[in-house]
Amino acid sequence: MVDLKRCAWANDAQLIEYHDTEWGVAPASDAEWLEKVVLETFQAGLSWKTILHKRDNFRLAFHEFSPRSVAAMTGTDIVNLMQNAGIIRHRKKIEAAVANAQIALQLSEQHGSLSRFFELLQRKPAEEIRASLQSTFRFTGPTTAESIAFATGLLPAPHEPGCWKSEPDC
């Protein structure tokens, strides 16, 4: 196997796999879109490595990111998640995950699917994409909105010069 040059942050097996196959690629389902939004909000103030290494635990805790299942989570579920050492135990981020699932269901009703909402969003200018993500989803400031946009391909992911996925080298 050829040793490809990658962005410096892709420095362990999970990060390399994520960089090479997921980062900058549009999710294929509404659950995958919700997962990206939720995980990026949990990442705020932390490293992506921390989140990625806990992703399987997040998937279990948040019902594989089924928008309907996460949206139905109760206060008791939130209290239980606060005891789950396998995820980030930040009450406001957990509450935002539930609220964002409820928003995802509303967007799905309005647009036919959450995927369709993001497809339409991608057609807008970069600043509108960032602003829409910030105003639509909870616990999403400017940096998180941009991270969601890059992670999902709404905006081109900024690969470092020399990375095999950087624009001039693709």
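**Ground rules.** I number residues from 1 along each chain as its sequence is written, and side-chain values use heavy atoms, with hydrogens and water left out. Since the model is predicted, local features need pLDDT of at least 70 and side-chain atom pairs count only at pLDDT 80 or more, while totals for chains, interfaces and linings use all residues.

**Core.** I started with the largest nonpolar core, which has 47 residues. (Such a core is a set of buried Ala, Val, Leu, Ile, Met, Phe, Trp, Tyr and Cys residues joined through side-chain atoms within 4.5 Å; buried means under 20% relative accessible area, exposed over 50%, partly exposed in between, with a 1.4 Å probe and protein chains only.) Phe 42, Phe 58, Phe 62, Phe 118 and Leu 133 have the most contacts inside it. Helix α7 (residues 91-111) gives the most to this core, seven residues. (Helices are DSSP runs of H or I with at least four residues, numbered from the N terminus.) I then looked up the partners of Phe 58: leaving out residues up to four places away in sequence, Phe 58 touches Leu 39, Phe 42, Ile 51, Phe 65, Ile 87 and Ile 88. (Contact means heavy atoms within 4.5 Å.)

**Helix pair.** Next I checked how α2 (residues 30-43) sits against α8 (residues 114-122): the angle is about 65° and the axes are 8 Å apart. (Axes are lines fitted to C-alpha atoms, for helices over the stretch in contact, and angles run from 0 to 180 degrees between N-to-C directions.) From α2, Asp 30, Trp 33, Leu 34 and Val 37 meet Leu 114, Ser 115 and Phe 118 of α8. By class, the residues of this contact are five nonpolar, one polar and one charged. (Ala, Val, Leu, Ile, Met, Phe, Trp, Tyr, Cys and Pro count as nonpolar, Asp, Glu, Lys and Arg as charged, and the others, Gly among them, as polar.)

The largest pocket came out at about 270 Å³. (On a 1 Å grid over the protein atoms alone, a pocket is an open set of points where a 1.4 Å probe fits, with protein on both sides within 12 Å along at least five of seven lines; lining residues have an atom within 4 Å of a point. Points are joined across faces, edges and corners, and the volume is the space filled by probe spheres set on them.) Its lining includes Trp 9, Trp 23, Trp 48, Glu 40 and Lys 49. Helices α1 (13-21), α2, α3 (48-53) and α10 (142-151) each supply at least two lining residues. The lining has seven nonpolar, three polar and two charged residues.

**The α4 to α5 loop.** Both His 63 and Phe 65 lie in this loop. His 63 is partly exposed at 40% relative accessible area, whereas Phe 65 is buried at 0%. I noted that phi of Phe 65 is near 65°, a positive value in a residue other than glycine.

**Toward the ends.** Cys 7, in the segment before α1, is buried at 1% relative accessibility. Beyond four places in sequence, its contacts are His 19, Trp 23, His 159, Glu 160 and Cys 163. Thr 152 lies in the segment after α10 and is buried at 2%. Among the contacts of Thr 152 I found Gly 24, Pro 27 and Trp 33.
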